[in-house]
Amino acid sequence: MSLAFDDYGRPFIILREQGSKSRVRGTEAVKANILAAKTVARTLRSSLGPKGMDKMLQSPDGDVTITNDGATILEQMEVQHQIGKLLVELSKSQDHEIGDGTTGVVVLAGSLLEQAESLLDMGIHPLRIAEGYEMACKVATAHLDSIATKWDFSPEEVEPLVQTCMTTLSSKVVGRLKRQMAEICVKAVLAVADLPRRDVNLDLIKVEGKVGGAMEDTRLVEGIVIDKDFSHPQMPKELKDVKIAILTCPFEAPKPKTKHKVDIDTVEKFESLRHAEQQYFIDMVQKCKDAGAGLIICQWGFEDEANHLLMHHNLPAIRWVGGVEIELLAMATGARIVPRFEELSPDKLGFAKCVREVGYGTTKERSIIIEGCPNLSAVTIWVRGGNRMVLDEVRRSLHDALCVARNLVRDNSIVYGGGSAEIACSLAVEAAADKVVGVEQYAMRAFADALEAVPLALAENSGLPSIESLTAVKARQLAESNPHLGIDCNDVGTNDMREQNVFETLIGKRQQMFLATQVCKMILKIDDIIQPSQYD
């Protein structure tokens with residue numbers, strides 16, 4: 001038992017003896033952490049690449065998710081080990097920053113730690129390994145910049161963007177429709193992109209969906225889709241060239257703030273009360289008509305009397321529209337959000353060429369599609385799928401493709417996929433390691449070996465002999481000085497990724513290497529695992 005004394009001479013215990021017995025220190029702690037990280041990385045390894053396998057995850061309340069998106073798998077895996085949680089955070093960082101490459105970054109981090117384990121067995125200090133990895137990462141990212149290609153695109157020539165999105169989608173559930181889905185994503189991104197500033201706000205692209213139909217029915221709506229219907233079944237189902245009023249005030253009679261009681265003891269009193277309430281609703285509807293509105297979109301509900309009067313006065317309305325949807329509608333239609341009926345005026349109305357209600361199959365489900373908005377600053381990708389799991393996976397896949405298109409708008413540099421960039425960087429790091437004096441050269445060579453984990457996993461998941469495929473491509477890259485040779489996962493017959501049109505964004509690949517290296521440095525620097533809950 002460790003005993004210490006405070007400023008007043010009172011003794012207190014630092015650590016109980018049974019607590020110190022359960023502690024893991026030094027190299028043992030590092031190796032325990034590496035084992036945890038390797039286990040998580042191996043789980044994701046089989047999901048990498050166009051032939052990667054999916055994972056089925058069941059939540060505590062019985063919901064089932066089927067996906068091969070690295071970030072989603074790790075998020076729902078309920079990892080208990082603290083180092084495993086670090087890899088979950090790593091995957092989230094890649095997802096938030098880039099949107100794609102969430103599986104690759106974890107596979108790379110796991111491989112780097114696996115290589116570090118053999119260096120620890122040689123007696124090399126963890127900090128020296130971390131420094132060597134840092135040096136190797138700088139060499140690798142510099143080499144990535146040197147082999148990157150600039151892809152020039154314009155709103156008229158979008159093929160480069162489409163090809164890069166197709167590479168992302170090839171490993172997803174929508175792989176057979178990757179051309180159609182890639183074109184939808186590129187059109188959506190260009191519709192909301194600020195090309196002169198090279199900026200894209202993905203919040204303006206809404207990905208909505210309904211169960212039913214086939215994946216082929218997925219389409220881009222140049223406007224907004226809201227999961228609502230017209231408030232009255234007898235209202236018209238389609239409106240053309242309509243002016244829209246967006247309200248955040250309810251169609252309800254005013255209610256006193258204090259507790260109140262009304263005694264109605266005669267028919268005349270009831271009639272006067274009903275007439276006053278009806279007149280109040282008529283005034284509301286008339287204010288909307290006077291402003292020139294042809295459609296009311298309200299954040300709140302309507303009383304039955306108000307709903308009847310709206311239909312009677314031929315003023316279609318949609319109720320219970322959420323706050324985020326209202327903001328998107330205001331941006332797209334050019335309307336101002338009005339908080340009080342008194343403030344409604346013609347200059348605060350928006351415009352849409354077409355507003356229609358659509359139904360789905362034999363169900364009673366309805367949606368409103370608002371198209372032909374003057375400001376194409378908000379669009380919706382309308383997804384269809386056979387069941388809820390397919391629908392969710394398609395939405396996750398489209399999110400990745402949207403992020404890739406956004407990244408290309410920000411920085412139009414690409415590197416070639418299929419593991420070609422990793423092999424090229426591995427060769428560059430190996431060559432740089434020969435010029436380094438000191439123990440760090442071992443760590444740099446280990447980094448070079450770790451980079452080969454990605455092409456190895458791609459070959460393995462594609463049913464190819466992994467080591468033979470890798471060594472053949474590596475030998476050809478060395479002999480031909482061609483950094484575009486990678487693993488032929490789809491058995492096309494050529495290893496040149498330029499001919500296969502397999503691309504990845506430069507910033508995504510660079511971020512993978514940076515993040516994986518930083519997490520490895522953090523894990524290697526931990527030499528003591530203290531678990532306070534065991535000392536009680």
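Two strands are taken to pair if DSSP finds at least two bridges between them, and the strands and helices named in these legends are DSSP runs numbered from the N terminus, a strand being a run of E of at least two residues and a helix a run of H or I of at least four. The model is predicted, with local features requiring pLDDT of at least 70 and side-chain atom pairs counted only at pLDDT 80 or more, whereas totals for chains, interfaces and linings use all residues. Residues are numbered from 1 along each chain as its sequence is written, and side-chain values use heavy atoms, with hydrogens and water left out.

View 1. Strand β16 (residues 379–385) is parallel to β7, the two being paired over 7 bridges, and Gly385 in β16 stands opposite Val211.

**View 2. Arg396 and its surroundings.** Arg396 has its place in helix α12 (residues 388–410). Its side chain is joined to that of Glu393 by a polar contact of 3.1 Å, a term that denotes a pair of N or O atoms within 3.5 Å, of which, within protein, one must be able to donate a hydrogen and the other to accept it, while residues adjacent in sequence count only if both atoms are side-chain atoms. When neighbours within four places in sequence are left aside, Arg396 is in contact with Thr65, Ile66, Thr67, Asp69 and Thr72, contact meaning heavy atoms within 4.5 Å.

**View 3. The antiparallel sheet β6-β17-β18.** Here 3 strands form an open sheet in the order β6-β17-β18, with antiparallel pairing. Strands β6 (149–150) and β18 (503–505) stand at the edges with a single partner strand each, so one side of each is left without a neighbour in the sheet. Strand β17 (residues 413–416) runs antiparallel to β6 and is joined to β6 by 2 bridges, with Thr149 opposite Ile414 in β17. Helix α18 (residues 506–524) packs on this sheet, where α18 touches β17 and β18 and its direction makes about 70° with that of β18.

**View 4. Strand β10 and its partners.** Strand β10 (residues 238–247) runs antiparallel to strand β14 (residues 350–359), to which 6 bridges join β10; Ala352 in β14 is the bridge partner of Val242. The pairing of β10 with strand β11 (residues 295–298) is parallel and extends over 4 bridges, and Ile244 has Leu295 in β11 as its bridge partner. Strand β13 (residues 337–338) also pairs with β10 in the parallel sense, over 2 bridges, with Ile337 in β13 as the bridge partner of Ile246.

**View 5. The crossing of helices α13 and α16.** The axes of α13 (residues 420–433) and α16 (residues 466–480) come within 10 Å and cross at roughly 65°. The contact is made by Ser420, Ile423, Ala424, Ser426, Leu427 and Glu430 of α13, together with Leu470, Val473, Lys474, Gln477 and Leu478 of α16.

Conventions
Axes fitted to C-alpha atoms, helices over the stretch in contact; angles between N-to-C directions.
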